[in-house]
Amino acid sequence: MNYKNFPNEYWAQIESTISDLKSKNTTLVAAFDADGTLWDTDLGENFFQYQIDNKHMPLPQDPWGHYYEMKKINDDPRNAYAWLAQINSGQRLTDVQNWAQEAFDEIMPKPIFSEQKKLIDLLLKHSVQTYIVTASIKWAVEPGAKALGLTSDHVVGIETQVVDGIITEKVLNPITYRQGKVDALLRKTGNIRPFLCAGNTIGDYELLLSSTNIRLAVSAASRDDKLFKSENELYQKADEHKWWRHRFI
């Protein structure tokens, strides 16, 4: 898939903003949503399907149906997102991370948005603390982060407590959805707000609001895609706020 490039003026503005903030000795932080923002797939759901296929743990008879029904409860998907981490309870963290890498390796070709890779390369060149903040489980997203030159420590996502290398059912708060994304990011950065944020759905709205300078709403979903409605909602917010908007396709 050939994805559309960012406008040249975006690159000029990013470079100018970095230069200006550096001159003021500002600590530079950037934050990206993961699925649909950095790559044209959902690594969390891809990993869930991999686990179903490989029967790594006991699951309901209809795992996807169970997950979707959980997402509908009180119109709040946070418990469903947490459940995707909790099903790994009793497993060694290293095993789950290895499975996540295997699931990622099976995706061919890699649907990474080339412009986002280029942007992250630029940020890292300028020593910007760059984070991925996702409502998917952290372990599923770590291989994608690695492909972009980021370490697992720079992935902020859904996870449960790990004791002596074994995953437990105890969910670690905040759950990284909507305002929880901002809360978790600021905890990671010592309350330093990002100067640049990018996201693709209304679930990223609060994350983009937290940015001090550049807010980028992206999209790639077609009209028949389940993400289209949510991406369109964020696009409308971006239009209201005069934020940057970019459609990759």
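Two strands are taken to pair if DSSP finds at least two bridges between them. In this predicted model, strand S1 (residues 29-32) and strand S6 (residues 196-199) are joined by three bridges and run parallel.

S1 and S6 belong to an open sheet of six strands, ordered S3-S2-S1-S6-S7-S8 and paired in parallel. The edges of the sheet are formed by strand S3 (155-158) and strand S8 (244-247). Each of these has a single partner strand, so one side of S3 and one side of S8 lack a neighbour in the sheet. On average, neighbouring strands of the sheet are turned by 15° against each other, with direction ignored.

Helices also pack on this sheet. Helix H6 (residues 114-125) touches S1, strand S2 (129-137), S6 and strand S7 (214-219). The direction of H6 makes about 160° with that of S1. Helix H8 (residues 179-189) lies across S1, S2 and S3, and runs at about 140° to S2.

A contact between two helices was also examined. The axes of helix H2 (residues 43-54) and helix H3 (residues 63-72) come within 11 Å and cross at roughly 145°. From H2, the residues in this contact are Glu45, Phe48, Gln49 and Ile52, which meet Pro63, Trp64, Tyr67 and Lys71 of H3. By class, the contact of H2 with H3 comprises five nonpolar residues, one polar residue and two charged residues.

Methods. Residues are numbered from 1 along each chain as its sequence is written. This is a predicted model: local features need pLDDT of at least 70, side-chain atom pairs count only at pLDDT 80 or more; totals for chains, interfaces and linings use all residues. Side-chain values use heavy atoms; hydrogens and water are left out. Axes are lines fitted to C-alpha atoms, for helices over the stretch in contact, and angles run from 0 to 180 degrees between N-to-C directions. Helices (H or I, at least four residues) and strands (E, at least two) are DSSP runs, numbered from the N terminus. Contact means heavy atoms within 4.5 Å. Ala, Val, Leu, Ile, Met, Phe, Trp, Tyr, Cys and Pro count as nonpolar, Asp, Glu, Lys and Arg as charged, and the others, Gly among them, as polar.
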